[in-house]
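Colleague: Hi! I'm new to this one, could you walk me through it?

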Amino acid sequence: MSDKYIYCLKCGTKNEITDNFCEKCGTPLNGNKKPPINTKTEHDKSSSENITKYFILGIILLVFFGFIGNSLYQQHLAKERSDIKSIVFKELNSDYFTVQVDTDEQIVTIKPTNYEAKVIIGDGDDLDVDDTMEDSVVNISKKIQDNIGDDWVIEVTNPFNSDRVFWRVKNGKVKYRIQDHLDYYYDYYYDD
């Protein structure tokens, strides 16, 4: 070891032999020429504490930005649902229909709410499919495709049997149509 340096007993900093005080912490040097034994350990402790602090800070930031990202995504979904309902109700009267939007499955379910809606969908007791209603559903699908995106499915539930779908339209094309008469069913499937 060289006699040109003196080591601080408190912080382990290497100082010139002519220095009377440590240039880092100001501790009197008193002629000590050997580095203190625990210098590396204190440095290691300091590094370890810093790593722990940065790790905890990183976790906090990750949680924070995850929360912000999720909030923004939820706002996006809420706006998407609102936009879809707005498109539907520009085409159909909100007094006669309710709309449920499943953003995960990309399905919009339109449900008739009263007898007037059931008459709009079909022609009274025979319930023949009303082409005007089908055209409205196709228009809704096209507007959703233009304004929201592709692959949304629009379903109109059967007015007298809500477990059955009356129309299923995707990207402006009828994919499924049921003529649900009182005594028998006709199911029509359409190709892409």
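Modeller: Happy to; we can start with the overall layout and then zoom in.

Modeller: This is a predicted model, where local features need pLDDT of at least 70, side-chain atom pairs count only at pLDDT 80 or more, and totals for chains, interfaces and linings use all residues. Residues are numbered from 1 along each chain as its sequence is written, and side-chain values use heavy atoms, with hydrogens and water left out.

Colleague: Thanks! How many helices and strands are there in the chain?

Modeller: Three helices and eight strands, taken as DSSP runs numbered from the N terminus (helices H or I, at least four residues; strands E, at least two). Along the sequence the pattern reads β-β-α-β-β-α-α-β-β-β-β.

Colleague: And how much of the chain counts as buried?

Modeller: Of its 192 residues, 31%. Buried means under 20% relative accessible area, exposed over 50%, and partly exposed in between (1.4 Å probe, protein chains only).

Colleague: Switching topic: where is isoleucine 68?

Modeller: Isoleucine 68 sits in helix α1, residues 39–91.

Colleague: Why does isoleucine 68 count as partly exposed?

Modeller: Because its relative accessibility is 33%.

Colleague: Now the strands. How do β5 and β6 run, and how many bridges join them?

Modeller: They run antiparallel, and six bridges join β5 (residues 153–158) to β6 (residues 161–170). Strands pair if DSSP finds at least two bridges between them.

Colleague: What do β5 and β6 form?

Modeller: A hairpin, with two residues between the strands.

Colleague: Which residue in β6 is the bridge partner of glutamate 155?

Modeller: That partner is arginine 168.
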